[in-house]
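Let's walk through this one together, a question at a time. Have a look at the model first.

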Amino acid sequence: MVRALLGLLLLLFASFVVTRRPLETPSRPEGVWLYGVELTLYPKEAGVEWRFKAEMLRQKGREVQVDRLKEAGRYVNGELDARLFAPEVQVDPMDDLRAPRARVEILKGCYLLELEGPVLIRQKEGIYAPQVHIEAPNLRGEARAFHSDFALEKMEVLDPRFEFPTGGRFGPCRVEGGSS
C-alpha cells in the first residue's frame, strides 16, 4: 500500500513538473507570406505597370520580396514592353526593383540583356547594373557600369566592347514577340 501511495505521489509530482515547464512555441516567419501570387505594380509613370506571377511573396515592413518568379513583365498602355527573369526581386516603397542578377528582354529592338548584379530597375530612370552583356540583331557585346532607359536609347557604360554587323545582321531576333 505504501508503494502504491508513493508511486501515485511520484506520478503526481512528475505531471506537475512537466506541466509547469513553458511550452516551446514554434518559430513563425516575420511579416506576411503569400504563396502562388499574382502582383501588379502601378508606378507613378502614366500607363506603365509591372505584372508578376511567383511562387511566393514576402512582405517585411515596407519592402516586398517576390521569390521564384514564374513571369514578370513591364507593360506600357496595356502592351508588353519588356520581360524580366530573376531568381528573386525586391520591391521598395518607390516601386523600384532590385535583383541579385537578371535577364531582361526588351521587345522593341529585340534586346536581350544579361545583367550581373546587383541589378536596380528605377521606374523613372531605367536599368542599372555593374556588368551587362547585350545581344540584338544589330548589336552585341558587353560593358561595365551599365545604365540605360527602358528603350536603350540613352545608354551610359564604361569599357564598352560592342560589335555592329557590317552589311546585315548578326542573326534573327531571339526575343519572343520582339521586333527590330
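Q: What share of the 180 residues of the protein chain count as buried?
A: Buried means under 20% relative accessible area, exposed over 50%, and partly exposed in between, with a 1.4 Å probe and protein chains only. This is a predicted model, where local features need pLDDT of at least 70 and side-chain atom pairs count only at pLDDT 80 or more, while totals for chains, interfaces and linings use all residues. Residues are numbered from 1 along each chain as its sequence is written, and side-chain values use heavy atoms, with hydrogens and water left out. Of the 180 residues, the buried share is 35%.

Q: Which pattern does the protein chain follow, read along the sequence?
A: Helices (H or I, at least four residues) and strands (E, at least two) are DSSP runs, numbered from the N terminus. The chain comes to one helix and 10 strands. Read along the sequence, the pattern is α-β-β-β-β-β-β-β-β-β-β.

Q: Which residues have the most contacts inside the largest nonpolar core?
A: A nonpolar core is a set of buried Ala, Val, Leu, Ile, Met, Phe, Trp, Tyr and Cys residues joined through side-chain atoms within 4.5 Å. The largest one here has 35 residues. Leaving aside neighbours within four places in sequence, Leu-97 is in contact (heavy atoms within 4.5 Å) with residues including Leu-41, Trp-50, Phe-52 and Leu-84. Those with the most contacts inside the core are Leu-84, Leu-97, Leu-113 and Leu-115.

Q: Which strand gives the most to the lining of the largest cavity?
A: On a 1 Å grid over the protein atoms alone, a cavity is a set of points where a 1.4 Å probe fits but cannot get out, and lining residues have an atom within 4 Å of a point. The largest cavity is lined by Leu-84, Val-89, Leu-97, Arg-98, Ala-99, Ala-102, Val-119 and Ile-121. Two or more of the lining residues come from each of strand S6 (97-106) and strand S7 (111-122). With four residues, the top contributor is S6.

Q: Which residue in S6 is the bridge partner of Phe-85?
A: Two strands pair if DSSP finds at least two bridges between them. Strand S3 (residues 63-76) and strand S4 (residues 79-85) run antiparallel, joined by four bridges, and they form a hairpin with two residues between them. S4 also runs antiparallel to S6, again with four bridges. In S6, the partner of Phe-85 is Arg-103.

Q: Is Gly-36 buried or exposed?
A: Gly-36 lies in strand S1 (residues 32-41). Not counting residues up to four places away in sequence, Gly-36 touches Ala-54, Glu-55 and Met-56. Because its relative accessible area is 60%, Gly-36 is exposed.

Q: Which peptide bond is cis?
A: Most peptide bonds are trans. Pro-118, found in strand S7, is one end of a cis bond with omega near 10 degrees. That bond runs from Gly-117 to Pro-118.

Q: Is Leu-152 buried or exposed?
A: The place of Leu-152 is in the loop between S9 and strand S10 (155-163). Its phi is near 60 degrees, a positive value in a residue other than glycine. Because its relative accessibility is 9%, Leu-152 counts as buried.

Conventions
On a 1 Å grid over the protein atoms alone, a cavity is a set of points where a 1.4 Å probe fits but cannot get out, and a pocket is an open set with protein on both sides within 12 Å along at least five of seven lines; lining residues have an atom within 4 Å of a point.
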